[in-house]
Amino acid sequence: MPHPNTPRPKKQSQSVRTPSNLIFGRTQQKHQSSRTGKRTVMKFTDSPVIELPVRNSLISLQQDNGSMHVGTSVWPCSLVLVKFIDRWAPPTPNPIDPNPYSQLLDFRNKRGIELGAGCGAGGMGFYLLGLTDLVLTDIAPVMPALKHNLKRNKPVLSKTLKHSILYWNNLDQINSLKPPFHYVIAADVVYIEETVGPLVSTMDALMADDGVVLLGYQLRDPEADKLFWELCDKTFDIEKVPHEDLHPDYAYEETSVYVFRKKKKKEES
Ligand SMILES: C[S@@+](CC[C@H](N)C(=O)[O-])C[C@H]1O[C@@H](n2cnc3c(N)ncnc32)[C@H](O)[C@@H]1O
């Protein structure tokens, strides 16, 4: 029996459910880099295999856009998020052009967790960029796609990354993962209004007091979007990464990267 939290894409969105259709429309697969003004082709299509270069490695993801589960497709926010990190994650000591993200992205001795990992692009990218104590999570029906892609990339990653079933707001599952985590990673996870509350509570429950959520975001559903930002506004301090700081080859108007931190508790009087 499906878990009650299992996402069911809304019927009306079925025909535009595949990632590339959602971003670009059927024929538009190019975008303009706001930083360079250059037109680039996103390496992101309906093709069964998506490749993502990260530093000196190449992640190769096999996706199934025909499945009923959205997690078996690779979604663009995960690529945009990973490439943002790829651009800024240390080590890049350069006194002439200091790195504004070197502290935020100092992964040494930190633990991370990815929510709604899908095929694993996000988690695998973060791992290659130095966040090695990491667990990728998703719902049970998506696990075969995640496991398949982790195995497929074992030669690049040198190991099979940790993965676990986690339905948002399932307290037993949350506790079994032994929070807190310094990094809670999520890409393209806001698209069903009913799952927004559980998602935000889960981020909050998993995150260390001094931790961050790193979120790749694209508007998918107006109601889910509205509720998500209302709840996040109450729960987190929100910072949006300036668009020009995204990776120039993986940036386009629709997708943003956010950093959430826990709201500071008001000092007792
Ligand atoms: C649009 S996909 C994004 C997948 C991946 N992050 C990417 O960017 O390629 C959304 C992911 O969230 C997961 N998800 C949705 N609702 C969930 C829930 N209630 N609990 C756990 N995961 C959920 C889905 O299974 C899916 O893998």
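Is Ser-256 buried or exposed, and how many other C-beta atoms lie within 10 Å? In this predicted model, Ser-256 is buried, because 20 other C-beta atoms are found within 10 Å, and a residue counts as buried when that number is 20 or more. Ser-256 belongs to strand S11, and its contacts, once neighbours within four places in sequence are set aside, are with Tyr-217 and Lys-240. The C-alpha atom of Ser-256 is also separated by 5.9 Å from that of Gly-216, although the two residues are 40 positions apart along the chain.

Strand S9 (residues 207-218) and strand S11 (residues 255-262) run antiparallel and are joined by seven bridges, with Gln-218 standing opposite Thr-255 of S11. Strand S10 (residues 236-240) likewise pairs with S11 in the antiparallel sense, over five bridges, and in this pairing Asp-237 has Arg-261 of S11 as its bridge partner. In a regular strand, side chains alternate between the two faces of the sheet.

With regard to the chain as a whole, eight helices and 11 strands are assigned, and 38% of the 269 residues count as buried. Among contacts with a separation of 6 or more, 73% are accounted for by residues 24 or more positions apart.

Helix H7 (193-206) was examined in terms of both its length and its burial. The buried residues of H7 are Thr-195, Val-196, Leu-199, Val-200, Thr-202, Met-203 and Leu-206. They cover an arc of only 165° around the axis, and therefore lie on the same side of H7. The elements that cover these buried residues include strand S5 (111-115), helix H6 (171-176), strand S8 (181-187), S9 and helix H8 (222-235).

Helix H3 (121-128) is mostly covered, eight of its eight residues being buried; these are Ala-121, Gly-122, Gly-123, Met-124, Gly-125, Phe-126, Tyr-127 and Leu-128. Just after H3, Gly-130 adopts a positive phi of about 115°.

Several backbone features fall in loops. In the loop between H2 and S5, Asn-109 has a positive phi of about 60° although it is not a glycine, and Asn-109 counts as exposed because it has 7 C-beta neighbours inside 10 Å, where the limit for an exposed residue is 12 or fewer. Lys-178, in the loop between H6 and S8, is a residue other than glycine with a positive phi, near 60°; with 11 C-beta neighbours inside 10 Å, Lys-178 too counts as exposed. Pro-180 is also found in the loop between H6 and S8, and the peptide bond that joins Pro-179 and Pro-180 is cis, with omega of about 15°.

Key. Residues numbered from 1 in each chain as written. Predicted model: local features only at pLDDT ≥ 70, side-chain atom pairs only at ≥ 80, totals over all residues. Helix = DSSP H or I, 4+ residues; strand = E, 2+ residues; numbered from the N terminus. Contact = placed C-beta atoms within 7 Å. Pairing = 2+ DSSP bridges. Arc of directions from axis to C-beta.
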